Amino acid sequence: MGVIRYLRDIWRGAVSLARGMRRTLYYFLRPKEIITQQYPDNRLTLNLPERFKGEVVMPHNENNEHRCTGCQACELACPNGSLKVIYKYEITAEGKKKKAIDKLVYHLELCTMCNLCIEACPSDAIKMAQTFEHSVFDRSQLIKILNKPGSKIMEGVE
Amino acid sequence: MWSFQQAAQQIHEWLSERMSAGWALALEMVLAGLMAIGLFAMLGLILVLMERKVSARMQVRLGPNRVGPKGMLQTAADTLKLLLKEGLTPDGADKWLFHAAPIMAIVVSMLLLAPIAFAMDFQLWDVNIGVLYVSAMSSLMVISILMAGWASNSKYSLLGAMRSGAQIVSYELSAGLSVLTVVTLTGSLQISEIIRSQADGWWIFKGHVPVWIAFVIFIIAITAETNRAPFDLAEAESELTAGFHTEYSGIKFALFFLAEYINVFVLCGIGATLFLGGPMPFHIGSWEGLNRIMDWIPSSVWFFGKTFLLIFVIMWFRWTFPRLRIDQLLNLEWKYLLPLGMVNVLLAALIAIKGWHF
Amino acid sequence: MYHETEILETRTDAEGHEWMTINVGPQHPATHGVLHLVITLDGETIVKVDPHLGYIHRSIEKMCESLSYRQFIYVTSRMDYLSAHINNHGCALCVEKGLQVEVPPRAQVIRVLMDELTRIASHELWWGAMAMDLGAFTPFFYAFREREMINDIMEETCGARLTMNYMVPGGVMHDIHPNFQRRVKEFLKDYKRKISEYDEVVTENIIFQNRMKGIGILSPEDAISYGCSGPVARGSGVHCDVRKHYPYEIYSSLQFDEVLESGGDCFARYLVRMREMKESVRIIEQLIDNIPEGDFQAKTKAVLKLPKGEFYSKVETARGEFGVYIVSDGGTTPYRIKFRSPGFSNLSVLDKLARGNKIGDLVAIMGTLDLVIPDIDR
Amino acid sequence: MNREELKAAITGKWPSAVWEEGNEWATLLGEPEPFPHMMTLLRQDPDLQMDYLFCMTCVDWKTHLTMVYHLRSMAHRHELTVKVKLDRTNPQIETVSHLWRTAEFHEREVYEMFGVRFLNHPDLRLLILPEGWEGKFPLRKDFEDPVNMIRL
């Protein structure tokens, strides 16, 4: 029957709409379901996983020593040239010339956080830090020198 | 007990003592105008904030919470921003119409406020064709939208305006028919009469099936008339970017925005008056205790409470449903709502003649 | 070549109807990116859709010619960023095919798990964005709530949320995080409860069904001829699931169905993706407790060199068949690389589907084609 | 059909077929001249029914260009590669967009990236590149863009 089908269509449509409205009302009445994070306020409690790839850093120990030998493996591994090793030759105690880094220049503005340099590094000298607030007003501030001034290579790292 | 009516009366007496009747009337008109504008601004701020909070809660998020306590001042800040923004006029726009359209929109929604009863016996203008006046005025909204769409010299705006024209013209019928149901039962177009007829019970309770159907149709029709989702085809963000106000910015955009919310308020207020008794308190037959408590609540609270309930329902629609397509929108009106509304008026007439309603 | 005048002009057809030409995009809420469509309208009805691409063209194929076989994988995350894992997977497979490296079983399982999680995340986003295209804003947030859980799992194991670069030739970059299995199980438990909400809010909704049913019907013949793949073709009943018909990794040993719908309209494509999410859940459930022990990466040389020749591998991304065609001249970098992106072929059918429909339908059709613009432009 | 059967079947129907060895799939070498007929045969023959052109590209070998068509039959599940050598200075080949509609977009892409002209193509315009890129072919090996080129 045409009329019955017509009315049934209206009824089904209304029920389907009511079900949707019930779901939105459910959430309206339950503020506990809110998942918003209050970002700048929760900075202190923000917990990033240890593998999060924020930027490349070079850890130094308390004696201002790092593990970088200046082998340039990271520079070769990097797909967009964000790492640049500027090295020098140091004279060791035995009087031998030894390759060492002068500066490890890191272009954060080019970096895509692909982790290939970390994988490539044979002496685990660099790692990914969990920082992520990188915005600055001047692009030149994104060019970083990873080794601290006056630092030198750790004993026993070849 | 304090009420708006008494306050108005006192002001009137105080003024009449001090000056001639003509001056008193003029001053009262100025006062009423200022209050209308104040109400306007307040409603705009409150409704926008309410919409944002309601949508946020439905969308499992917090909504504005930075400006002021719990984000209360967010809309004020937004308004300030819109006031300071540059108002762009597109090249090739019909300048005169382009600037006139938002003003037209706001004037229409201001005119709509006139016959609304905000509290018992508290109206700006108790015209004897109050309901008819509201229907007539609310149809004028479409003119401002058409003006905006045509004058913008933008194809998106034009499409939005054309959609809006078709939409408002057709939904006006349904809204009219459902209003007619209540008018049939009441026998008057005057708003104060309609309110008084509900002293022994709201129409939604004593009007049987026809009033329920009329109420549902009315809610759908005013959602469509005010261009709100799921009938926001004139704006249709994902299709026409912003529809008829694509080219508007700054304060002119804000005026459109404000007019939309005021229209929602006014039409919901009419709905509350017609179906839910307006400022009439909620009474249950012989429960004297309850009735007295209900009477104690001021009538303005009743009116605003009911209106905001309806506004919430409309917001609830908006944040739940997807948008209709233009042909479906017209199908819904002409194939479903209009026949239903017509049958419904006949039914209401039958009930009114036979006196079956309570 | 298009000119400004051509875009702005109003054309008239033979019967004297005035046609209106209108630009949808490159900045438009419904194109989800910088897609530029020049559509010709007769009133509200679409006469013609002419896509103009290239607003986000980065010439990834040319870039890859100067990157080594380890390096070029990360670039492919930037193509179809929603199924970044699966793109990387395709590239890794192609390089492994050239190197003839056997991937350890543990790495294979991890890869498949990640692929399926990515597929769910991608479909989630599509679902939310498509509902938003149709004017319902709320589903978007529900979708992102679940997607966020997947992103958190990804972040913990891969170190990034969107462009993970987790695949390397011969396996995966790290072993899975110790929390991985627990969190995936938590997610699945939560997700199965939440997926019924999706039906309540969108699928069953009468307005939504009316918007989708019978719109943009794609016949199976056209789907094949236009090179459609993935849910777009499967919505028309074309058997084209690469995981089923050309299984890679461990897909041949898994229990899952190739989701097919016969309607060919927007609703069929919609249902395919909704059911596909459930199939992905099924796959994850089979694997999550059965991750074999062992290496997560095969031993490969520091510098990879593919032998002279051509290698083609294909994977099923969330959008369809993604192919990697490497021409090697025996060096350390690809001589020529071609990515067969599913979105490019799926886009070509847009004109055919949209003709004769309304503007509102164009949005629905674009939504169900699930276009990711960087994937189309490359 | 597996690879050898496919080869035999095609050779039976197209006696002048030349095969290239050493690839994953059977690779048919075509000449620009009888190419349209060959493709029509591959598409329309009920035994071959190569109805799905899933990848189509061009490779610049510095001395010549090679068009590469990857074909699949959705009914029989066999795959085939077709290669056609083109002259590098004036590359032109018959379109296949009437056989596989997907080729329309792919050919437009190859046209702008490699400069191959597809004869009888319905709408051969730039697709991805903006106005003013006619005559420069970015994916050719000798392409140099002094501004945007990234060199590592």
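Modeller: Helices (H or I, at least four residues) and strands (E, at least two) are DSSP runs, numbered from the N terminus. This is a predicted model, in which local features need pLDDT of at least 70 and side-chain atom pairs count only at pLDDT 80 or more, while totals for chains, interfaces and linings use all residues. Residues are numbered from 1 along each chain as its sequence is written, and chains are lettered from A in the order in which they are written.

Colleague: Where does Ile120(C) lie, and why does Ile120(C) count as buried or exposed?

Modeller: Ile120(C) sits in helix H5 of chain C, residues 105-133. A residue is buried if 20 or more other C-beta atoms lie within 10 Å of its own, exposed if 12 or fewer, and partly exposed in between, with C-beta atoms placed from the backbone. Ile120(C) has 27 C-beta neighbours inside 10 Å and therefore counts as buried.

Colleague: What makes up the side of chain C that touches chain B?

Modeller: Contacts join 26 residues of chain C to 22 residues of chain B. On the chain C side, strand S2 (18-24), H5, helix H6 (138-158), helix H8 (206-212) and helix H15 (359-369) each supply at least two residues. That side divides into 14 nonpolar, 6 polar and 6 charged residues, where Ala, Val, Leu, Ile, Met, Phe, Trp, Tyr, Cys and Pro count as nonpolar, Asp, Glu, Lys and Arg as charged, and the others, Gly among them, as polar.

Colleague: How do the axes of H10 and H15 of chain B cross?

Modeller: The axes of H10(B), residues 208-225, and H15(B), residues 326-354, come within 9 Å and cross at roughly 145°; axes are lines fitted to C-alpha atoms, for helices over the stretch in contact, and angles run from 0 to 180 degrees between N-to-C directions. By class, their contact has 12 nonpolar, 3 polar and no charged residues.

Colleague: What agrees with a compact globule in chain D?

Modeller: The radius of gyration is taken over C-alpha atoms, and the globule rule is 2.2 Å times the number of residues to the power 0.38. For 152 residues a compact globule would have a radius of gyration near 15 Å, and chain D has 16 Å, which agrees. Of those 152 residues, 42% count as buried, and chain D has 3 helices and 7 strands.

Definitions and conventions. Two residues are in contact if their C-beta atoms, placed from the backbone, lie within 7 Å.
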